[in-house]
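Please open the model in your viewer and keep the selection panel at hand. The stops below go from one selection to the next.

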Amino acid sequence: MARTHPEGWQQLPATGARGRERATLEQLAAALPRDWTIYHGLHWTRAEGAHLVFGDIAFVVMGPTGRVLLIEQHAGFLDETAQGLMRPGRRRPQHVSHELARSADALRARLRPLLDGAEPQLEILLYCPDYTVRQPGSAGLDPARIVDASRREAFFATVQGLTLHDDDPPPEPARLQALHRFFADVLELVPDVQAHAGQADDLTTRLSGGLTEWARRIDMTPHRLRVVATAGSGKTQLALAAYTDALAAGRRPLYVCYNRPLADHFARIAPAGGEVATFHQLCDRRLRDAGRPPRFGAPGAFRRMEADFAALVATQPEPAWQFDELIIDEGQDFMEPWRDALLALLKPGGGAWWLEDPLQNLYDRPAVELPGWVRLTADTNYRTPADVLALLNARLPLPAPIRAGSPVTDSEPEVLAWHDDASLLDATKRAITRALGLGFRREMIVLLTFRGREHSRFTPLEHLGPHRLRAFTGRYDLLGEPEHSQGELLIDSVYRFKGQSAPCIIFTEIDFETTNGAMDELIMRKLFVGATRATMKLILVASERAAAHLAPR
């Protein structure tokens, strides 16, 4: 089976055209041998004078000697014209062969400096599994570079033949590594961890210049980097990239966060070979491995478990529990004793990353001191719509404005007011109806409650109007997966959903008072965390007194 990059795509659902690409990727990976590598969902750009040249290719396949094949997959019909194959239904004519050629030229230009001026071994292939090209000779492409519906069964053999020739010289490890680094590293191809846990709709790419790229270019000995970055800036993508880098270098990584949903999702998409856990999961696993399972039914069980874990790792270092790379996500939720216990698991010469956002400190814990660590800050949110951030910048007493990096600028955040329990439920139902009317499917909508799960008015509910609610039951199955009630509309607390996101967020049950017009800092953080979970649409359902403070003006 061929290697694929990025990993984790098997866990990500896909529909429509992306579902077709996902099926092709699955079959292609199964058909090609282990020496082949498939890079999927690639986007690239290069500067050409004052212009940018963009390319969008479904798959890039690299053979064992470094031959590269660009595969453009087109589902559905094509138009055959005198000028060649055209994509139908577009305002501007899109010539398939011209687009492929431009993508190939742009990629060759970027690869030449990487290969010390040598010409890249690059091929192109059009795969249209639903359409039979009637006149291949006038399609604008070499017929040998077209696999249509009549030749679907030859697709995998064609791919293999174009990426390995009989007269190819032996593979050069340095060349292969340079090509892999270009596709896997320079383009920052990583799964979007911030998408709603277990329901990511897409694979995203980050072009060089983002947090993931520059944070990994900082060179220090020992490696101790503290990243203080706002919501949606790419902290967890950076964590995944650092985790993957460590595995690629033969190093063993440990990823630790605070929230269980984030740890569960990270474990699903991260490559095998390291350890992923919440801090308390890690304590539990290490103590059980030492024959000292925690007694969770006893009073103060978690504090006792933390103390036992810290004492164990300080006095009885165990090689099986030593790591080359330590990655701490959600660092604002950690405490100083935890810091010391985690650093005790790091091998001599190991690297450590601490990723945090003080504005997401919902437990009001003091900042952990990290003396001697290099500090990197990032204040651009690439996830939340720009007009939502403008509302937060105007209405919340943020320490500094958050910069908008999302292409979504006109989401029009809305505020619905309520005055008692009955009107709260009614306003929330109206918000759901509004979201459905805008075209969001139920699986794209998340209800977030301002209160914790124990105190929310929504916790006892199984339905909200005609909508069945899907809520965490507080239990885990035998495999450690969280159990949810049967429903199609997810509801969760702002505390549990921190570190995740969804296209449409309905942030309900919001209620707070101000003192002489001033907002409590913890209230401000909860509002910030809940609102920045939205990637396309935000609807706030707030009490009349809170709505007066939050409503756009």
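Begin by selecting L396, I505, F507, I510 and L527, which touch the most other members of the largest nonpolar core, a set of 34 residues. A nonpolar core here is a set of buried Ala, Val, Leu, Ile, Met, Phe, Trp, Tyr and Cys residues joined through side-chain atoms within 4.5 Å, where buried means under 20% relative accessible area with a 1.4 Å probe, protein chains only. Next, colour α11 (386-395), β20 (445-449), β25 (502-510), α13 (521-531), β26 (534-543) and α14 (544-550), each of which supplies at least two residues of this core; α13 gives the most, with six residues. Helices (H or I, at least four residues) and strands (E, at least two) are DSSP runs, numbered from the N terminus.

This is a predicted model, in which local features need pLDDT of at least 70 and side-chain atom pairs count only at pLDDT 80 or more, whereas totals for chains, interfaces and linings use all residues. Residues are numbered from 1 along each chain as its sequence is written, and side-chain values use heavy atoms, with hydrogens and water left out.

Now centre on I510: leaving aside its neighbours within four places in sequence, I510 is in contact (heavy atoms within 4.5 Å) with W418, F450, L527, L540, V541, A542, S543, A546 and L550. Then move to F323, A341, A352 and L370, which are among the 27 residues of a second, separate core.

Finally, select helix α7 (residues 260-269), which is largely enclosed by the rest of the structure because eight of its ten residues are buried, namely R260, P261, L262, A263, D264, H265, F266 and I269. Zooming out, the chain has 14 helices and 26 strands, and buried residues make up 53% of its 553 residues.

How values were computed:
Buried < 20%, exposed > 50% of the residue type's maximum accessible area, 1.4 Å probe, protein only.
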